[in-house]
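Reader: Could you walk me through this one? I have not looked at it before, and I would like to ask questions as we go.

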Amino acid sequence: MLPEHIDALVSVSRPSIHPDGWAVFSASRPDTGADAYVGQVWKMGTDSDIPQRITRGFHDFDPQVSPDATLIGFLRDQPGRLPQLAIMPANGGEPMILTDQPTGVKEFHFTPDSSRIVFISGLPSQYPAAHSNNPGSGHPRRITGLAFRMDGRGWAGDQRFQVLVVEVPDLGAEPAVTGPDPRPARAQWPVIPNARQITEGDYDHTQLAARDGYVIVTSARHRGHDADLRVDLYRVSLDAVHTDPVLITSTESTALSCSSPVVCGDTVFFLARDLGRDGLDIVGTNSAVYQVSVNGGVPERITDPANTDVVDLAVDPQTRELIGVVRSRGSGVAVSVELDGRVLPLPAPSDASVREVALCGGLVVASVATTRSPGEIARLGGRSLMLTDLAETLRAAAPAYPAREMVAVSPDGAQVHGWVVLPEGEGPHPVLLVIHPGPFEACGPTFSEEAQLGAQAGYAVVMCNPRGSASYGEAHAQAIKGACGDREAVDVLAFLDHVLANVPGLDPARVGIMGAGYGGYLTAWIIAHDHRFSAAIVERACLDPRSLIGACDIGWYTVPAYHTSDPVVMDAQSPLLLADKVITPTLVMHAEDDLRCPLGQALRYYTELKMNQAKAELLVFPGESHDMPVSGRPRHRRQRLQAILDWWSRHL
């Protein structure tokens, strides 16, 4: 692909299945002309039918079929406004907007009888002036906890995510109107139904699972919640008025970080990471499936997290079958989750990495990624089938380059798993070593903007999952604890050397290295120790552990977890303090409003490079947060890809 093909990168939502055997999903893409994300809701059969677009909004996404199968709910994002909740008849018709929340709607869920919808919205908390036209006129913020800012959100105290409920109106009734009307009663008809708030307090509530008369949510409401990462499940009455939620995950020996609740009968199944007694043990901790009674109790763990990382969960409302998605060797694998702890892989189309799953009446449909596409919908199970071809426009504009799987051996005997994406021609090709963010993430054989961009420009792209990465078990991920930099750098370089030695047509004299987030950290670490590289790109990186505490939104717990709390050890793992060793031409790229890896990290690193006479450039994207490469303004995303190609063309 080329930078101008950014508009053809389609992503898909979790599908939702109708009992009659068809499904709905949303397809979204960046639009550089509008400099926004656009997309609509689609309907498709689960055999070989051609998907049909069923909404015409600017950006309609995250659809759900109501439990009674008569409605489709979704979120509608209009230019200059925030997403609001909309519904439409399942058999087609004009949508009706149900909310007008000042901060938009984050997520929603139908009640089992489909008469109400519960949803999450951010409501002003302690500092309402922050949402006014003159936020600088507000009162000073009084901070008493540690989790006070979040990337992409800002000051956490300015708004809290609360649960609201709205009645589903009769879509067959005469529509409400505004403006002059000779009938006085008509003026009292609400255009937008009134939503009722059912949670409150200085706490966030997210991840809904609605049942008859109550909703299950995740929240951190416990004593000391501002000093650990414990997140519990709570039961909230839909008819509650100023009633505290009921805690249903009770444990004294450990702190669970709970997510993704699904309710089946009187049981709540959910995902959780065991963070230890202090609630801060995050390094390389996999998620397991747990169950607990809706009435509360001690959660029972079903799957073993040591080697199984479950990242998505769904339950069949008809058969009560439980399925999930497991991260394995860089890919997503759909599995049937048995109550005895077994996870049994479900057949999927070849080349499909599963993202999110849905099931109804034994039918399993999933959002997937492939080597050739960032997002498609597939049917899983015994008759697995790819149902969409949303990358057709991209494929017509640019060829898709496959990823060749390889395994290298590190000097200490550890295996390093990865891939190389080759351009056309015999070479010799210049080489790009691309290091994934994280560290507890993983690259895989599926579509990668950086890999496809590099291959079409004539570069061989090398990527791997060194120790510290996810999807290879907790021991693999925890191996870098307290020793960041050296161990994973050895793995990455061993994989690069293996590719150069075993893949014909590569030029070892022209090798570039780049990484974002933790990949940027590792890039900066490597070029301070190894001077073989012709050029480097350090993007959105946290480069100095000690100075991250209090500046990075999660630095107060990630820094001591990964780098220890010993200042001497922290400094020994700081690429910033090794900037005087760098002789590699380096492009430093960063987002201006990044709170995960604050802009100051990039400014300090770039300045140190320049003061030490290194060839360096700084590129800052205004108004963007840490996730700019995947969710930033489309024009910025295109300009980022253009800058990457420009840098490599000048130095490789």
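Reader: Which strands does α9 lie across, and at about what angle does it run to β38?

Author: Before I answer, please keep in mind that this is a predicted model. Helix α9 lies across β37 (535-539), β38 and β39, and its direction is at about 160° to that of β38.

Reader: Which other strands are in the sheet with β38, and in what order?

Author: The sheet is an open one of eight strands, with mixed pairing, and its order is β32-β33-β35-β34-β36-β37-β38-β39. The edges are taken by β32 (403-409) and β39 (616-621), each of which has a single partner strand, so one side of each is left without a neighbour in the sheet. On average, and with direction ignored, neighbouring strands of this sheet are turned by 20° against each other.

Reader: How do β38 and β39 run, parallel or antiparallel?

Author: They run parallel, and six bridges join them. As one example from this pair, histidine 590 has valine 620 in β39 as its bridge partner.

Reader: And what does helix α11 lie across?

Author: Helix α11, which covers residues 634-651, lies across β34 (429-435), β36 (506-516), β37, β38 and β39, and it runs at about 155° to β37.

Reader: What is tyrosine 605 in contact with?

Author: If we leave aside its neighbours within four places in sequence, tyrosine 605 is in contact with Ala524, Ile527, Val538, Leu543, Pro575, Leu576, Ala579, Val582, Thr586 and Val588.

Reader: Switching to charges now, how many salt bridges does the structure hold?

Author: It holds 35 salt bridges. One of them is between arginine 467 and aspartate 491, whose closest N and O atoms are 2.7 Å apart. Arginine 467 sits in the loop between β35 (460-465) and α3 (474-478), while aspartate 491 belongs to helix α4 (residues 486-502), so this pair ties together parts that are 24 residues apart in sequence.

Reader: Are those two residues buried or exposed?

Author: Arginine 467 is buried, with a relative accessible area of 12%, and aspartate 491 is buried as well, at 0% relative accessibility.

Reader: Which residue does aspartate 571 meet in a salt bridge?

Author: Its side chain meets that of arginine 546, with an N to O distance of 2.5 Å. Aspartate 571 is in helix α8 (residues 567-572) and arginine 546 is in helix α6 (residues 545-548), so the pair ties together parts that are 25 residues apart in sequence. Aspartate 571 is partly exposed, with a relative accessible area of 24%, and arginine 546 is partly exposed too, at 43%.

Reader: Going back to strands, why is β24 described as largely enclosed?

Author: Six of the seven residues of strand β24 (residues 309-315) are buried, so the strand is largely enclosed by the rest of the structure. Six bridges join β24 to strand β25 (residues 322-328), and the two run antiparallel. In the hairpin they form, six residues lie between the strands, and arginine 320 takes a positive phi near 65°.

Reader: Last one: where is serine 26, and what does its side chain lie 3.2 Å from?

Author: Serine 26 is in strand β3 (residues 22-31), and it is buried, with a relative accessible area of 2%. A polar atom of its side chain lies 3.2 Å from the backbone nitrogen of aspartate 62.

Conventions: Residues numbered from 1 in each chain as written. Predicted model: local features only at pLDDT ≥ 70, side-chain atom pairs only at ≥ 80, totals over all residues. Heavy atoms only, no water. Salt bridge = Lys/Arg side-chain N within 4 Å of Asp/Glu carboxyl O. Helix = DSSP H or I, 4+ residues; strand = E, 2+ residues; numbered from the N terminus. Buried < 20%, exposed > 50% of the residue type's maximum accessible area, 1.4 Å probe, protein only. Pairing = 2+ DSSP bridges. Axes fitted to C-alpha atoms, helices over the stretch in contact; angles between N-to-C directions. Contact = heavy atoms within 4.5 Å. Polar contact = N/O pair within 3.5 Å; in protein donor to acceptor, adjacent residues only side chain to side chain.
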